[in-house]
Amino acid sequence: MIKAVIFDLDGTVLDTLPDLNICMNMALSDYGFAPISREQTMAFVGHGGKNFALSALPSDKKGMIDEFYAHYCQIHVACTNAHTHPFPFEKECLDSLRNAGIKLAVVTNKSQAAADVLGASLLKEYKFSLILGNRPEFAVKPDPASTLYTLQQLGVRAEDAVFVGDGDTDVQTAKNAGMRSVSVLWGYRSREQLEEAGAERFAHDFNELKQILLSMD
C-alpha cells in the first residue's frame, strides 16, 4: 500500500473558482480594468497566483504585474471564501485514506498566506499533515522542490507516494518528483488537456479516487 498522498488544492480539494474569480475582478476593478469571466479564470489558474494575475491583466498593462499582483494578494488573503466548498464524497475518501495509515498533505501554487487561511477554516477538519503553499524559497509547480520537501517532512519516499491533482502542472510535478499521479476530472482541466500532459490514471469523483488509491501498491 502507498504511504502518502499529496493533493493539489484549487480544483482538487476545494472548488475555489468562484472566489478566485471574485477576488481577481475586485483587483481589476480597483485599477479600472475589465473583469474576466469564470471560463477565463478556469483557464488562467493552476500556475501560481502571479501567473494568474499576469493572465488577467490587459495586454498593454503586463508591465505593472508586480504592483497588481501585490494588490490582488491583499484581496485574496482577506477573502472570506464564502463561495468555496469541498467536493462530494471528499470527507469519506480522506477519512478512509487516513484510517488506512496513509499520510495526507497539500502542495499548492496558491500563496502560503491564502493556503493558511483555508487550512484554518475549510480544510481544518481534514487534518492534513502539511499544507504547503507558494513560498519564496520554492519555485511554483511543476518544479518538484516543494513536493520533495513535503515528502521529506512526511518521511516518505517518492516511489511510495502519489500526487493527486486536477491540472497539467500536477501531472508534470509528479513526474519531476519521481512520483505516480492520479488526475481528477472534477477540476479545472479537461481529460484531453490532462492526457496531453501525460496523465494515465483518472478519477471521476472522490469515491473512485478512494478505490484507486487504496488499491495502489
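Q: How many nonpolar, polar and charged residues does the lining of the second largest cavity have?
A: In this predicted model, the lining of the second largest cavity has four nonpolar, four polar and two charged residues. Leu20 and Val117, for example, belong to that lining and count as nonpolar because Leu and Val are in that class, whereas Asp19 and Lys110 line the cavity too and count as charged because Asp and Lys are in that class.

Q: What makes a space in this structure a cavity?
A: A space is called a cavity because a 1.4 Å probe fits there but cannot get out, and the structure holds three such spaces of 30 Å³ or more.

Q: Which helix gives the most to the lining of the largest cavity?
A: Helix α4 gives the most, with five residues, and α3, β4 and α8 are also among the elements that each supply at least two.

Q: Why is helix α8 called mostly covered?
A: A residue is buried if its relative accessible area is under 20%, and seven of the ten residues of α8 are buried, so the helix is mostly covered. Among these buried residues are Asp168, Val171 and Ala177.

Q: Which elements do the buried residues of α8 pack against?
A: The buried residues of α8 pack against α7, β6, β7 and α9, where contact means heavy atoms within 4.5 Å. Just after this helix, Gly178 takes a positive phi of about 80°.

Technical notes. Residues are numbered from 1 along each chain as its sequence is written. This is a predicted model: local features need pLDDT of at least 70, side-chain atom pairs count only at pLDDT 80 or more; totals for chains, interfaces and linings use all residues. Side-chain values use heavy atoms; hydrogens and water are left out. Buried means under 20% relative accessible area, exposed over 50%, partly exposed in between (1.4 Å probe, protein chains only). Helices (H or I, at least four residues) and strands (E, at least two) are DSSP runs, numbered from the N terminus. On a 1 Å grid over the protein atoms alone, a cavity is a set of points where a 1.4 Å probe fits but cannot get out, and a pocket is an open set with protein on both sides within 12 Å along at least five of seven lines; lining residues have an atom within 4 Å of a point. Grid points are joined across faces, edges and corners, and a volume is the space filled by probe spheres set on the points.
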